Amino acid sequence: MQFRLSEEHEMMRKMVRDFATKEVEPTASERDEQEIFDRSIFDKMGQLGLAGIPWPEELGGGGADFLSYVIAVEELSRVCASTGVTLSAHISLASWPIYHFGNPEQKEKYLRPLAEGKMLGAYGLTEPGSGSDAVGMKTTAVKDGDYYILNGSKIFITNGGDAEIYVVFAVTDPEKKHKGITAFIVEKGTPGFSFGKKEKKLGIRSSPTLEILFDQCRIHESQRLGNEGDGFKIAMMTLDGGRNGIAAQAVGIAQGALDHALAYAKERKQFGKPIGKLQAIQFKLADMATQIEAARLLTYQAAWRETVGLPYGKASAMAKCFAGDIAMKVTTEAVQIFGGYGYTREFPVERMMRDAKITQIYEGTNEIQRLVISNYLMKE
Ligand code: CAA
């Protein structure tokens, strides 16, 4: 067993850290404040080869592994969680199902531009009445000759509005429950496909979260992903890996908060010495660092399992659940270390604390992760 990253992984970390420091961090607070999604950041990630890290070079990808991908999400999230989730939703939620379930034509038409960063991807599962209970979706897809007619709406769509490609799930046979759900690839600009409300959020405010609407939207059967009835399995398998992307985002947010808290603890003087010399602060810093390291190991392990072809659903749910919970704890402690200043927008730790909260909610709440983990335990 090796607990050292390879040279390639270290190079990925360095490359993304340099990029994040120079191109992402300087505008993170302003983008958060103004709720701006800056597409040029994603375009630059595409030019650096980050938009398709784990996909084969023949398909326009980076030919790297899932560990490289989670390192990239971690490093982006260390300075800006919104940018981290932009990449995570693009790779894990939109590109992953097309890579695994798309036919050669779909891979050429959709995966290649996604992998090259020429298009941005999104994923539509959640609906107003079906969040944790994903099978309860109401969006329908009715066959009409060579087309399906989609009607309904999806909410909380990360990259919504800005993405060109949407992997969405709809009911093709209500009698069959989860076996009557089918996946489709929908292109922005398709008649009958439009964008609804943009959410105003607590955190990840520079990542757009939109409602998407289908009104008599005709989708050609060549845009069906997999077979009719495969949709729920595709959705769940996609989330198995996606959750590890969120674990990486949580690790990155927590690390960013610790880095700021540590620097502040060395500088800020009270009672005649730096607060980092006070045991109350030292204990906090020690716990924060330990929790982050444990979360990182779970996350890297899940990514390694996916790379080598071992089952990773349980590992990924554990990583997401643990990392999300510690990101919330660590960022809250970081604000505490900064005291009154931490509560102001003068320092980024309050943004990190707001950003951390979503990692306990999306891609399955941490209550759902515990359900998924215990389901695996009962079956094993
Ligand atoms: N891989 C493959 N198949 C799976 C699977 C997996 N990980 N999980 C379930 N299935 C299959 C089961 O084997 C079963 O199939 P069979 O009947 O053929 O055996 C079928 O799916 C139904 O399984 P369950 O009975 O376990 O289904 P359930 O209705 O009890 O739901 C659940 C299970 C875990 C609660 C699931 O609904 C779930 O994950 N809910 C949370 C949804 C979620 O994460 N939403 C987030 C959306 S994305 C997002 O957050 C937005 C964003 O852009 C970031």
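From which domains does the shell around the ligand draw at least three residues each? In this predicted model, where local features need pLDDT of at least 70, side-chain atom pairs count only at pLDDT 80 or more, while totals for chains, interfaces and linings use all residues, the shell draws at least three from each of domain 2 (122–231) and domain 3 (232–378), with bounds that come from an automatic or database domain assignment. Residues are numbered from 1 along each chain as its sequence is written.

**Ligand shell**
- The ligand is surrounded by 25 residues, the closest being Ala-134, Thr-158, Met-236, Tyr-362 and Gly-364, where a residue is near if its C-beta atom, placed from the backbone, lies within 6 Å of the molecule.
- Two or more residues each come from helix H4 (81–101), strand E3 (147–158), helix H6 (231–267) and helix H10 (366–379), and H6 gives the most, with 6 residues; helices (H or I, at least four residues) and strands (E, at least two) are DSSP runs numbered from the N terminus.

**Strand pairing**
- Strand E4 (residues 165–171) runs antiparallel to E5 and is joined to it by 7 bridges, one of which pairs Val-171 with Ile-181 in E5; strands pair if DSSP finds at least two bridges between them.
- E5 also runs antiparallel to strand E8 (residues 224–225), with 2 bridges, and Ala-183 has Leu-225 in E8 as its bridge partner.

**Annotated region**
- An unreviewed UniProt entry annotates residues 229–375 as "domain: Acyl-CoA dehydrogenase/oxidase C-terminal"; UniProt positions are given in the numbering used here, feature names are shortened, and annotations may be inferred rather than shown by experiment.
- The span 229–375 is 77% helix and 3% strand, and its end C-alpha atoms lie 23 Å apart.
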